[in-house]
Amino acid sequence: MDVRQIVESLVVSAVRRKQGDWGAAEAIPVSVEIPRQESYGDFSTNAAMQIATRLGRKPREIAAELIEALREEDREGRISSLSVAGPGFITIRLSEEEWRETLATALDLGPRFGASGAGEGHAAHLARGGGS
């Protein structure tokens with residue numbers, strides 16, 4: 001599992017942890033992005049804004065609850081800091097140890113780092129653009 005997948009997993013687990021409290025029965029889609037500006041953290045999520053819309057609540061309040069749940073989910077100390085930015089984005093900074101482990105894995109795997117077996121053994125159809 002790569003770092004982004006780990007962060008997504010933590011965010012999804014935090015949302016699930018809070019769903020019962022919020023009375024939200026259906027699955028809530030969550031996305032984790034890499035911010036364009038480094039000052040916005042290593043990763044960010046707009047999950048609080050998506051959830052607030054469904055619940056009719058303020059996104060920053062939902063973000064604060066999600067941050068609390070994220071801290072509880074992060075039993076291995078992968079996250080160094082969490083904060084609310086703007087209208088309700090959650091910014092996520094990973095610990096130096098997490099980045100060291102990722103770098104060590106990348107060095108160990110060399111060119112295989114980040115490779116995926118997705119689609120392996122399946123043919124791909126490529127079509128040229130333009131007319132038929």
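Where is the place of Arg 78? Arg 78 sits in the loop between α3 and β3. The model is a predicted one, in which local features need pLDDT of at least 70 and side-chain atom pairs count only at pLDDT 80 or more, while totals for chains, interfaces and linings use all residues. Residues are numbered from 1 along each chain as its sequence is written, and side-chain values use heavy atoms, with hydrogens and water left out.

**Confidence**

- The average pLDDT (the predictor's confidence in each residue, from 0 to 100) is 85 for the protein, and 85% of the residues score at least 70.
- Helices (H or I, at least four residues) and strands (E, at least two) are DSSP runs, numbered from the N terminus.
- Where pLDDT is low, the predicted coordinates should not be read in detail.

**Arg 78 and its partner Glu 98**

- The side chains of Arg 78 and Glu 98 form a salt bridge with an N to O distance of 3.2 Å; a salt bridge is a side-chain nitrogen of Lys or Arg within 4 Å of a carboxyl oxygen of Asp or Glu.
- Glu 98 lies in helix α4 and Arg 78 in the loop between α3 and β3 (79–85), so the pair ties together parts that are 20 residues apart in sequence.
- Glu 98 is buried at a relative accessible area of 6%, whereas Arg 78 is partly exposed at 22%; buried means under 20% relative accessible area, exposed over 50%, and partly exposed in between (1.4 Å probe, protein chains only).
- Not counting residues up to four places away in sequence, Arg 78 touches Ile 6, Leu 94, Ser 95 and Glu 98, where contact means heavy atoms within 4.5 Å.
- From C-alpha to C-alpha, Arg 78 and Val 7 are 8.7 Å apart in space, although 71 residues separate them in sequence.

**Other salt bridges**

- The count of salt bridges comes to twelve.
- Lys 18 pairs with Asp 21 in a salt bridge whose closest N and O atoms are 3.0 Å apart.
- Both Lys 18 and Asp 21 belong to helix α1 (residues 3–22), where they are three residues apart, about one turn of the helix.
- Lys 18 is buried, at 12% relative accessible area, while Asp 21 is exposed at 59%.
- In helix α4, Glu 96 and Arg 100 are four residues apart, about one turn of the helix, and their side chains meet in a salt bridge of 3.6 Å, N to O.
- Glu 96 is exposed at 61% relative accessible area, and Arg 100 is partly exposed at 48%.
- A network of salt bridges links Arg 17, Glu 72, Glu 73 and Arg 75.

**Helix α2 and Thr 45**

- Helix α2 (residues 47–55) has as its buried residues Ala 47, Ala 48, Met 49, Ile 51 and Ala 52.
- The cover over these buried residues includes α1, β2 (43–45), α3 and β4 (89–94).
- After α2 comes Gly 56, with a positive phi near 70 degrees.
- Thr 45, in strand β2, is buried at 1% relative accessibility.
- A polar atom of the Thr 45 side chain lies 3.1 Å from the backbone nitrogen of Ala 47.
- Leaving out residues up to four places away in sequence, Thr 45 touches Val 11, Val 30, Ser 31, Val 32, Gly 88, Phe 89 and Ile 90.

How values were computed
A polar contact is a pair of N or O atoms within 3.5 Å; within protein, one must be able to donate a hydrogen and the other to accept it, and residues adjacent in sequence count only if both atoms are side-chain atoms.
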